[in-house]
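Keep the model open as you go.

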Amino acid sequence: MAFTITILGSGAAIPILNRYPTAQVVQVNNLMILLDCGEGTQMQLRKFIPKPLRISHIFISHLHGDHFYGLIGLVNTFHLLGRTKELHLYGIAPLKFILDYQLEQSGTTLAYPLIFHEIDPEIPQVIMEDKNVTISTIPMNHRVPTCGFLIVEKLQKRRIKKEMLEQLHIPHTEFDHIKNGGSYIDPEGREYPNNLITDDPPAPRSYAYCTDTAYHEPIIPLITGCHLLYHETTFAQEKLEDARAKFHSTAMDAALIAKKAGAKRLMIGHYSARYKDTAALVNEARTIFPETFAAEDGMIVQI
């Protein structure tokens, strides 16, 4: 099952020529979601996502402009493109007021249902679930109410061994029963235990999206063992005072969280516009957590 992250924007508040503000598309099997929607997101969607109308859920971490100023434009573009399928939007209560006001003042009545889900950024809780994933909030420590999001793949069904399919000529009508843990009884009445004819499914994968926050150890139990951690890295360690004053993190902060959480890999992002190149930030983080790499606009990451 596919589990990919496409980076639409890896920068912080001020865009630069090759770096847009924060936005990411996550795809798990047929589910396509958008995490944050900074200015210019729909232009990046045009570049990197062939069918952006497939986005069914949008999650907004907080109401700083570099995380949601692109939202009204995208919502309106979906309308102009003739979208009829419902769109689910997750955010704190004021976000609904802002969008409703913008739509009202522009005289826009959307051609599709926009379903708003209010979230409490102070409480870790499951806010969305389907047959493939669960999505939970991760409370951050920022200047305004902010949460990250934890996307966890559900355990897949067991896999029938190819050689057993060929050897036993197992009919299609038995597949669901076997994949759900049942044994197989052939036409002669011989029983084949499930562990003989199937393999274990792969371990569920997880993605922790930890956007704007100061160094905040309370998130560690929520993201322990995640396959990929995205952690904001606005500053290098030399700007530690700025990071603390603005409730942001340094590369070392992100690396310490990744190490203490036992993450498999760390992707840093949300760079201050002062950093035209990310090499110094990556090298700084790797002194603590070697499995670190930099998010870059247009990058596709496989989990």
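**Exercise 1.** Find the rings whose faces Arg83 lies over.

Solution. The model is predicted. Start with Tyr112: Arg83 lies over the face of this ring, at 5.5 Å from the ring centre. Then take Phe78. Arg83 lies over that face too, at 5.1 Å from the ring centre. The cut-off for the distance is within 6 Å.

**Exercise 2.** Count the aromatic pairs, then classify Phe97 and Tyr101.

Solution. Rings pair if their centres lie within 6.5 Å. By this rule there are 6 aromatic pairs. In the pair Phe97 and Tyr101, the centres are 6.3 Å apart and the planes meet at 20 degrees, so the pair is stacked. Now place the two residues. Both sit in helix 4 (residues 93-105), and because they are 4 residues apart, about one helical turn separates them. Finish with accessibility. Phe97 has 59% relative accessibility, so Phe97 counts as exposed. Tyr101 has 47%, so Tyr101 counts as partly exposed.

**Exercise 3.** Classify the pair Phe149 and Tyr209, and say which strands the pair ties together.

Solution. Check the geometry. The rings lie 6.4 Å centre to centre, with 15 degrees between the planes, and the pair is stacked. Next, locate each partner. Phe149 belongs to strand 9 (residues 147-153) and Tyr209 to strand 14 (residues 206-210), so the pair ties together parts that are 60 residues apart in sequence. Both Phe149 and Tyr209 are buried.

**Exercise 4.** Which residues do ring pairs link into a cluster with Phe149 and Tyr209?

Solution. Follow the ring pairs. The cluster takes in Phe59, Tyr90 and Tyr230 along with Phe149 and Tyr209.

Key. Residues are numbered from 1 along each chain as its sequence is written. This is a predicted model: local features need pLDDT of at least 70, side-chain atom pairs count only at pLDDT 80 or more; totals for chains, interfaces and linings use all residues. Side-chain values use heavy atoms; hydrogens and water are left out. Rings of Phe, Tyr and Trp (its six-membered ring) pair if their centres lie within 6.5 Å; planes under 30 degrees apart count as stacked, over 60 as edge-to-face and the rest as tilted. Helices (H or I, at least four residues) and strands (E, at least two) are DSSP runs, numbered from the N terminus. Buried means under 20% relative accessible area, exposed over 50%, partly exposed in between (1.4 Å probe, protein chains only). A charge sits over a ring if NZ of Lys or CZ of Arg is within 6 Å of the ring centre and within 35 degrees of the ring normal.
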